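Work through the exercises below with the sequence and the model in view. Try each task before you read its solution.

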Number of protein chains: 2
Amino acid sequence: MAIVNHMVQHFPLDLTFSALSDPTRRAILERLGQGSATISELAGPTGMSLTGLKKHVAILEEAELVSTEKRGRARHCRLGPRRLDDATDWIEAYRRSWEDRFARLDAIIERQKGASS
Amino acid sequence: MAIVNHMVQHFPLDLTFSALSDPTRRAILERLGQGSATISELAGPTGMSLTGLKKHVAILEEAELVSTEKRGRARHCRLGPRRLDDATDWIEAYRRSWEDRFARLDAIIERQKGASS
């Protein structure tokens with residue numbers, strides 16, 4: 001299997017996994033899973049500055065995990081069009097190939113046991 | 001739901017998702033899913049320097065997704081103890097809560113349809 005040169009990216013998966021690599025951003029997604037919220041409402045429980053929170057929301061927005069809309073003075077956030085399907089697909093494919101490998105190793109061990117008994 | 005302050009981390013999930021956010025590192029994991037390999041074998045198809053590749057392997061090692069062992073002059077790499085279970089668990093819990101929310105919204109819409117007819 002060829003290992004692609006990482007200079008030719010930016011894959012959506014990079015943005016997805018990168019967005020998920022921060023606990024504040026995961027918490028924002030979990031919160032928005034309960035319903036949409038303004039930036040102020042998201043910042044409320046964190047003690048984080050609006051500026052700090054806006055940066056996290058911008059990263060989630062770039063990864064298309066969150067959509068925002070300005071209404072009056074408030075920016076409303078909700079879950080975006082990308083639904084982590086690509087992340088799940090990658091992880092699942094990876095786990096399957098890994099499990100297949102162990103299944104093949106098991107089969108080899110079983111055959112060797114059979115040959116030596 | 002409280003949004004945790006992101007100053008108090010480093011959660012294993014941060015390392016896992018951060019490790020997965022690079023296509024070279026994902027390719028390394030996919031390659032090691034086929035069987036263990038030395039750093040040179042991993043670098044071979046990429047045209048990447050050994051130094052560059054070692055940095056990626058070190059990040060995967062810190063996230064416990066890869067284990068390495070020095071034998072003679074070669075460093076052998078294989079998949080590490082962490083099996084992306086935590087990443088899958090988080091994504092699945094998140095998707096479930098999201099789907100639950102849509103199910104609840106559907107139920108509300110159905111009730112409103114019933115009330116207005």
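## Exercise 1: The interface

Solution. Contact here means heavy atoms within 4.5 Å.

Before going on, note the ground rules. This is a predicted model, where local features need pLDDT of at least 70, side-chain atom pairs count only at pLDDT 80 or more, and totals for chains, interfaces and linings use all residues. Residues are numbered from 1 along each chain as its sequence is written, chains are lettered from A and ligands numbered from 1 in the order in which they are written, and side-chain values use heavy atoms, with hydrogens and water left out.

Next step: the area. About 4500 Å² is buried between chain B and chain A. Carbon and sulfur atoms give 64% of that area. Buried area is the accessible area (1.4 Å probe) that two parts lose on being put together, summed over both.

## Exercise 2: How the copies are related

Solution. The same surface serves both: 100% of the contact residues of chain B recur in chain A.

## Exercise 3: Salt bridges between the chains

Task: Count the salt bridges between chain B and chain A, then locate a pair.

Solution. Start with the count: four salt bridges. The rule asks for a side-chain nitrogen of Lys or Arg within 4 Å of a carboxyl oxygen of Asp or Glu.

Now take one pair. A:Asp85 forms a salt bridge with B:Arg95, with the closest N and O atoms 2.8 Å apart. A:Asp85 lies in helix 5 of chain A and B:Arg95 in helix 5 of chain B, so the pair joins two chains. Helices are DSSP runs (H or I, at least four residues), numbered from the N terminus.

Check the accessibility. B:Arg95 is buried, at 19%. A:Asp85 is partly exposed, at 37%. The cut-offs are under 20% relative accessible area for buried, over 50% for exposed, and partly exposed in between (1.4 Å probe, protein chains only).

Then take A:Arg95 and B:Asp85. Their side chains also meet in a salt bridge, at 2.8 Å from N to O. A:Arg95 is buried at 18%, and B:Asp85 is partly exposed at 37%.

## Exercise 4: A buried arginine

Task: Decide whether B:Arg26 is buried or exposed, and find what surrounds it.

Solution. B:Arg26 sits in helix 2 of chain B. With 5% relative accessibility, B:Arg26 counts as buried. Its side chain reaches the backbone oxygen of B:Leu20 at 2.8 Å. Set aside neighbours within four places in sequence. B:Arg26 then contacts residues including A:Phe11, A:Asp14, A:Trp90 and B:Ser21.

## Exercise 5: A pair within one helix

Task: Explain how B:Lys113 and B:Glu110 are placed in helix 5 of chain B.

Solution. They are three residues apart there, and thus separated by about one helical turn. An α-helix has 3.6 residues a turn, so residues three or four places apart point the same way. B:Lys113 and B:Glu110 form a salt bridge, with the closest N and O atoms 3.4 Å apart. B:Glu110 is partly exposed, at 47% relative accessibility.

Notes: Polar contact = N/O pair within 3.5 Å; in protein donor to acceptor, adjacent residues only side chain to side chain.
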